[in-house]
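Hello,

Here is the structure we talked about. Please open it first, then read my notes below.

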Amino acid sequence: MAGTGVFKACLDGDVYKYYADGDWKMSSSGKTVSVTNPTTGKPIYKVTACTQDEINKVFQSAKAAQKLWAKTPLYKRAEMLHKVSVIMKEHKAPLADCLVKEVAKPAKDAVTEVVRSGDLIDYTAEEGIRIMSEGKFLVSDPFPGNERNKLCLSSKVPLGVILAIPPFNYPINLSVSKIGPALITGNSVVIKPPTQGAVSTIHMMHCFHLAGFPKGLISCVTIKVSELGDFLTTHPAVNCISFTGGCDTGIAISKKANMIPLQMELGGKDTMLVLDDADVESAAVNIMKGGFAFSGQRCTAVKVVLAMESIADALVSKVNAKVAKLSVGPPENDCDIVPVVSESSANFIEGLVMDAKQKGAKLCQEWKREGNLIWPLLIDHVKPDMRIAWEEPFGPVIPVLRIKTAEEGINHCNSSRYGLQGCVFTKDVNKAMLVSDAMETGTVQINAAPARGPDHFPFQGIRDSGIGSQGVTNSINMMTKIKTTVINLPQPSYTMA
């Protein structure tokens, strides 16, 4: 299904093209980047690898197109985004097919991602009209020493060229979460897809092409990151970088950014704190949903459970019973647990598990791995000296630390390098609010697992989990700046009686 029908334009032989100036093109480099099927471990797609000169031309076109797009009436921008949503939903099957094959997303979840992305575009268009149509009017005399002879008009204007870099795990949804706010606010967009997820992103980009956006306004460049990654992220034409991905990569980009706004979500070690008065069954259900969905390959997955000693045995018992019922296998079969994205990811996860086992943790299930497929695993009696207590596995492995007090759990959470989300389970609303106030994370969920969304909710991290804020409204605000005009009136010639 991928690369067929209307999507044939994206393909030249067996190589997917890059998108620039309103057309799909093959790079003059003659080089390609291979995309591997996580299930088979074999190459499945190839994408063309752009040259430095081609990237320069993309940015030149993006700058020129943005100037005209910013003058396009807001309602017309919104109409075009709504058109994209319709096209994406019409072609949800081939888009979902890409997600299944190149990131091993379960088939039903792949379709959900496409539909959710269309809904996100629609909401962004409407919210953009509301926010961008509003301005502010101020007068000068409230400030001491000023007469009422200055009038201030302020409104939001676009930043310019947005460089969007989505991650492998949600290449369609997290692409449109960047592209939608950028376009409705009058910016142009250059998107650099993840290698695993590149073809999904290319198919998504073709939906924007079919909607008829101006040439040069949206571009999709596929590159060898080792050769041109720094060139792309430090390009002088870039006015904002919206990046979702690995912590170390994001920090490296931020250190090289030259006084431009950054919107970065860099992962987390999301804590679930289960207090002694919690509904243990509800906590167990949320560990399963929050920790094992998409094999734990989510930045908001439950990454560590901190359970009070009085309820830890009951909680672990309930979770183990549910783990035994999970289906494990290929994404085409809609299995609960699917292969992780790459061999290197699987090796990293195995290293964390073996470190914990060697240091005395209890593996509640037998360690089992076949290629990139890792069977779900709960690790009990984890101690703070074990790597898995702090490092992000991004796989179907959940550590449990037993704690004596809520304060001990809060201190563990706040000692992490990450600070994306956390959650607390308790029947006492006062305890819940006190814990929420004390946990140093971007979001605290009460009696529910960490999760991104709904997509209009604010979404942000602290410390090494990122900077800037996401969610539709926040992204619109981040991709704009305030433009102020001050009207200076002559001093009045009369005096008040």
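**Rings and cores**

Phe294 counts as buried, because its relative accessibility is 5% (buried means under 20% relative accessible area, exposed over 50%, partly exposed in between, with a 1.4 Å probe and protein chains only). A note on the source: this is a predicted model, where local features need pLDDT of at least 70, side-chain atom pairs count only at pLDDT 80 or more, and totals for chains, interfaces and linings use all residues. Residues are numbered from 1 along each chain as its sequence is written, and side-chain values use heavy atoms, leaving out hydrogens and water.

Phe294 pairs with Tyr170, edge-to-face, at 6.4 Å centre to centre and 75° between the planes. (Rings of Phe, Tyr and Trp, the last by its six-membered ring, pair if their centres lie within 6.5 Å; planes under 30 degrees apart are stacked, over 60 edge-to-face, the rest tilted.) Tyr170 is in the loop between strand S9 (161-165) and helix H5 (173-184), and Phe294 is in the loop between helix H9 (280-292) and strand S15 (304-308), so the pair ties together parts 124 residues apart in sequence. (Helices, H or I of at least four residues, and strands, E of at least two, are DSSP runs numbered from the N terminus.)

Phe294 also has a charge over its ring: the charged end of Lys105, 4.7 Å from the centre. (This needs NZ of Lys or CZ of Arg within 6 Å of the ring centre and within 35 degrees of the ring normal.) Lys368 does likewise over Trp375, at 4.3 Å.

The structure holds six aromatic pairs. Another of them is Phe208 with Phe213, tilted, at 5.8 Å and 40°. Both residues are buried. Ring pairs join Trp69, Phe208 and Phe213 into a cluster.

Now the cores. Which residues touch the most other members of the largest nonpolar core? They are Met88, Leu183, Met205, Phe208 and Phe213, in a core of 66 residues. (A nonpolar core is a set of buried Ala, Val, Leu, Ile, Met, Phe, Trp, Tyr and Cys residues joined through side-chain atoms within 4.5 Å.) Helix H6 (residues 198-211) gives the largest share, eight residues. Domain 1 (5-266 + 465-482) and domain 2 (271-446) both contribute, so this core lies between them. (The bounds come from an automatic or database domain assignment.)

A second, separate core has 56 residues, including Val302, Ala307, Leu363 and Cys413.

Best wishes
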